[in-house]
Amino acid sequence: MRAIGTANYAYVVARVRHRRSALFGEEEYRKLLRMGPGGIARFMEDTEYGAEITDLGARYDGVDLIEYALNANIAKHFDDLLRWSNGRLYDLVARYLRKFDAWNAKTVLRGIYSEATEEEIRADLIDAGEFDETFLDSLVAADSIEAVTDLLADTTIGHGIEDAYAEYEETELLVPLENAIDRAYYERLAGETLHGGRAIELYEQFLEAEIDFRNMRNALRIERSGADIDPAEYFIEGGSLFDAGEIRSLAGNRDELLARIRESRYGEDLSEAIDDLESAESLIDFEHALDGAIVSYADYLSHVYPLSVCPVLAYVVAKEREVNNIRAIARGLEAGLEREQIEAELVTL
């Protein structure tokens, strides 16, 4: 990890604002929804995804081309963030981007669980964390869930994964393993002792919000699954809104959960997002509204503290949403879903 020099917030924030202005908006998504996978790839060729589409176009086509291009593009953008950043800012961004180590680990587990091919698994990996290509290749080449957990055990996201594997063997569900990875990632970040005044306070404030919203999503998913699992057992430490006991009692009562959010420090800043949460007709809609809410909160912090790490983290979250939205459109069209079904999967602001 490189963290030399003085944090250069003004320079990096200016670069990030330019990149943010190029993100797709609702008009671009409406256009994509009227196309097929081939049309989406051609459309992307005329956008800032053009270099990746051109580079990969000789090897892939259709949704595979779109997937590889999206993942290569997001990795390039986040590499740029690290390349631009100095000092404390570099340190904070690098720590946060370990979330893609967690993403990749969960992607490999899901791929092996669903008996996907190595090529199919590789297409969904995002090379933006600290795992190098050799280690990612070893994960993809693993021949079992147990082999993957053995490889992850000594990494920064490996804490608790051996116990989670024992649960997996009992239940044959990936939930314990996925949660162990998320918990190790967030609790390590939240538990690190950092010094740096206001920059660190803002970073921690953003992390707390993301953990709070992650805990809400986990509790709702467990409740929806009908599995005999205590939501408190999957609680991630480091947030500020709930403790494990509260999340257990609120998981099955959406009205009380929303009331708790409205009364919290997020209530005033996220009033519109909470209205969306209230109007969500299904738990999937509710989860999407939660995704929108964390983007809104990142934007709020960026507005209040424009020369800080907040605009950089907000850009990371917004870029993730763009990639997820394009992927959802491409996959939905390939699967023959109705436009309304695909639109329901998108997170737009």
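This is a predicted model: local features need pLDDT of at least 70, side-chain atom pairs count only at pLDDT 80 or more; totals for chains, interfaces and linings use all residues.

Biologist: Good to know. How many helices and strands are there in the protein?

Modeller: The protein has 19 helices and 0 strands. Its radius of gyration is 20 Å, close to the 20 Å that the globule rule gives for 349 residues, so the protein is as compact as a globular protein of that length.

Biologist: And what box do the C-alpha atoms fill?

Modeller: Roughly 55 × 50 × 45 Å, taken along the principal axes.

Biologist: What percentage of the residues is buried?

Modeller: Buried residues account for 52% of the 349. As for the surface, the protein exposes about 15,900 Å², and carbon and sulfur atoms supply 45% of that area.

Biologist: Which share of the contacts joins residues at least 24 apart?

Modeller: Counting contacts between residues at least 6 apart in sequence, 69% join residues at least 24 apart.

Biologist: Let's talk charges. How many positive and negative ones are there?

Modeller: There are 36 positive and 72 negative charges, and their mean positions are 7 Å apart.

Biologist: How many salt bridges does the structure hold?

Modeller: It holds 26 salt bridges. One of them pairs D124 with R331, with the closest N and O atoms 3.0 Å apart.

Biologist: Where do D124 and R331 lie?

Modeller: D124 is in the loop between α8 (118-123) and α9 (133-141), while R331 is in helix α18 (residues 310-334), so the pair ties together parts that are 207 residues apart in sequence. R331 has 36% relative accessibility, so R331 counts as partly exposed.

Biologist: What does R217 form a salt bridge with?

Modeller: With D291, and the closest N and O atoms there are 2.2 Å apart. This pair also links distant parts of the chain: R217 belongs to helix α13 (residues 198-225) and D291 to helix α17 (residues 283-304), 74 residues apart.

Biologist: Are R217 and D291 buried or exposed?

Modeller: Both R217 and D291 are buried.

Biologist: I also spotted E322. Which residue is its salt-bridge partner?

Modeller: K319, with the closest N and O atoms 3.1 Å apart. E322 and K319 are 3 residues apart in helix α18, so about one helical turn separates them. E322 counts as buried because its relative accessibility is 1%, and K319 is buried too, with a relative accessible area of 0%.

Biologist: Which residues do salt bridges with shared partners join into one network?

Modeller: E67, D124, R327 and R331 are joined into one network.

Biologist: Switching to the backbone: what is the phi of E115?

Modeller: E115 has a positive phi of about 60°, although E115 is not a glycine. E115 sits in the loop between α7 (99-113) and α8. Its relative accessibility is 71%, so E115 counts as exposed.

Biologist: And what about E172 and its phi?

Modeller: The phi of E172 is near 60°, a positive value in a residue other than glycine. You'll find E172 in the loop between α11 (161-171) and α12 (175-191), where E172 is exposed, with a relative accessible area of 55%.

Biologist: Next up, R214. Where is it found, and what does it touch?

Modeller: R214 is in helix α13. Leaving out residues up to four places away in sequence, R214 touches K106, D182, Y186 and I236.

Biologist: Why does R214 count as buried?

Modeller: Its relative accessible area is 18%, and buried means under 20%.

Biologist: Last one: where does I126 lie?

Modeller: I126 lies in the loop between α8 and α9. At 3% relative accessibility, I126 counts as buried. Not counting residues up to four places away in sequence, I126 touches N71, I74, F100, W103 and N104.

Biologist: How far is I126 from R30?

Modeller: Their C-alpha atoms are separated by 26 Å, and the two residues are 96 apart along the chain.

Notes. Residues are numbered from 1 along each chain as its sequence is written. Side-chain values use heavy atoms; hydrogens and water are left out. Helices (H or I, at least four residues) and strands (E, at least two) are DSSP runs, numbered from the N terminus. The radius of gyration is taken over C-alpha atoms; the globule rule is 2.2 Å times the number of residues to the power 0.38. Buried means under 20% relative accessible area, exposed over 50%, partly exposed in between (1.4 Å probe, protein chains only). Contact means heavy atoms within 4.5 Å. Accessible areas come from the Shrake-Rupley method with a 1.4 Å probe; for residues, only the protein chains shown count as cover. Lys and Arg count as positive and Asp and Glu as negative; His and the chain ends are not counted. The place of a charge is taken as NZ of Lys, CZ of Arg, CG of Asp or CD of Glu. A salt bridge is a side-chain nitrogen of Lys or Arg within 4 Å of a carboxyl oxygen of Asp or Glu.
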